[in-house]
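This report goes through a structure one topic at a time. Please keep the sequence and the 3D view open while reading.

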Amino acid sequence: MASTRTRVAHLLLGLWMSGVLAAMFVVIPQYEGLGNTGRIIIMHVPTAWVSVLAFGVSATFSALYLWRKKPEDDDRALAAAECGFLFTVLATVTGAIFSQVVWGIYWNWDPRQTSIFVLLLIYAGLFALRAALDNPDQKRQLGAVFSLFAFVTVPFLIFIAPRMAESTLHPNCAFLPGSKCDGIELSEGRIGLLGDRKVQLLMLEQQGDQVIAQVIVSEPGLVSEATLAPSFDLTQAAPAAMPEFPGLRYRIKMQDVDLTAGVVRLNIEAPGTEASDLRTRLTLLASTLGFTALFIWMYQIRARLLGVQWQLEQRQGAWQ
Amino acid sequence: MNVALEAGVAVYIALIVALAVWAGVFAYLWRLDAQSRELQRRLEQQPAPEISPPVSVSVRQQRPDLGEPRGAE
């Protein structure tokens, strides 16, 4: 039987996550421009972080298995990989819901969405490989090697690839303090990509202290296009008018202008810039801690079940 | 308009649904945890079956009229 301390810890986790849910819905304020939809960040970000943690744990136990050849290490590696896969699916689903509200579409092959999809495929490959092999030693050995190689891709697919691509609508600059979207520099007549929107700078015009740009914005697939007129206040050296992208809650802003060279820097202004509210940050932290504890619990149960399954198979083999 | 869809009410309904889902997940994990521990405890208490050595078979063919057995191993 589980020790009393473990049971109390699990009960506390249940209460903790209930508190996180309550805080998510009724304590933290709404995000400016996003309304109640912005609250999903309290689920989305921690599940994504926990998936990275889980894949890291899986790779660690895979390395330990290759070193020590203990079946328990392989059970732990597999359990962590399965939990990581589950949390990645949760992060993807919550992200897709957010995407539907903010971008108007569940899935638009944004670099962030594509990279997480590739990550899911890689770990699905691990499970398929293990399922295809009958020899337990071979299954464990190859699974451990695959898991190590799979983890090498995790930092690239989760942290590097989406930041290398300028054409992402994933709101790094909106929610993560310290990160920023650089935007794109365009001169008159030039075309660029801002988010998944094609933008073309038609002309620049100075009217008093303001510089106004005429920008054609095209939807993906060139379904429709609109002309927007973001402006820049020269006296305050700050963006002035920031019209919304058609059908989105993101705005286009003129971040900087060089009139002599005829070049402007256009960028996305996401609603609810920075989760600066203390309650939101504390809830996000509490959610991350809660999901981490939940992962540890789930992973322990699954590893135990895999161990029991292995013991039963051993005994069945001995009896036959 | 449906009262449940009003912004002030809908957020509480969403909270109740989320809490109900979490309660279900928690109860499932709690039960699975207890059952897996019990299963492990039982397995540890039961002695593992001894693996018997491979069975060897000897065949002796004997004809009464020949006296000495043939093919004895």
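## The model

This is a predicted model, in which local features need pLDDT of at least 70 and side-chain atom pairs count only at pLDDT 80 or more, while totals for chains, interfaces and linings use all residues. Residues are numbered from 1 along each chain as its sequence is written, chains are lettered from A and ligands numbered from 1 in the order in which they are written, and side-chain values use heavy atoms, with hydrogens and water left out.

## The nonpolar cores

A nonpolar core is a set of buried Ala, Val, Leu, Ile, Met, Phe, Trp, Tyr and Cys residues joined through side-chain atoms within 4.5 Å. Buried means under 20% relative accessible area, exposed over 50%, and partly exposed in between (1.4 Å probe, protein chains only). The largest core has 38 residues, and A:Leu294, A:Phe295 and A:Tyr299 have the most contacts inside it. At least two residues of this core come from each of H1, H2 (41–68), H3 (71–103) and H7 of chain A and from H1 (7–45) of chain B. H7(A) gives the most, with 11 residues. Helices here are DSSP runs (H or I, at least four residues) and strands are runs of E (at least two), numbered from the N terminus.

Contact means heavy atoms within 4.5 Å. Leaving aside neighbours within four places in sequence, A:Leu294 is in contact with A:Leu13, A:Phe87, B:Trp22 and B:Leu29. Another core, of 22 residues, lies apart from the largest one; A:Leu194, A:Ala213, A:Phe232 and A:Leu266 are among them.

## Helix H1 of chain A

Buried residues in H1(A) include A:His10, A:Leu13, A:Gly14 and A:Met17. A:Trp16 is also found in this helix, but A:Trp16 is partly exposed, because its relative accessible area is 43%.

## A loop residue

A:Glu219 is in the loop between strands E4 (210–218) and E5 (225–228) of chain A. A:Glu219 counts as partly exposed, because its relative accessibility is 29%. Beyond its neighbours within four places in sequence, A:Glu219 is in contact with A:Arg197 and A:Ser224. A:Lys198 is 21 residues from A:Glu219 in sequence, yet their C-alpha atoms are 6.8 Å apart.

## Chain B

Chain B has 1 helix and 0 strands. Of its 73 residues, 14% count as buried.
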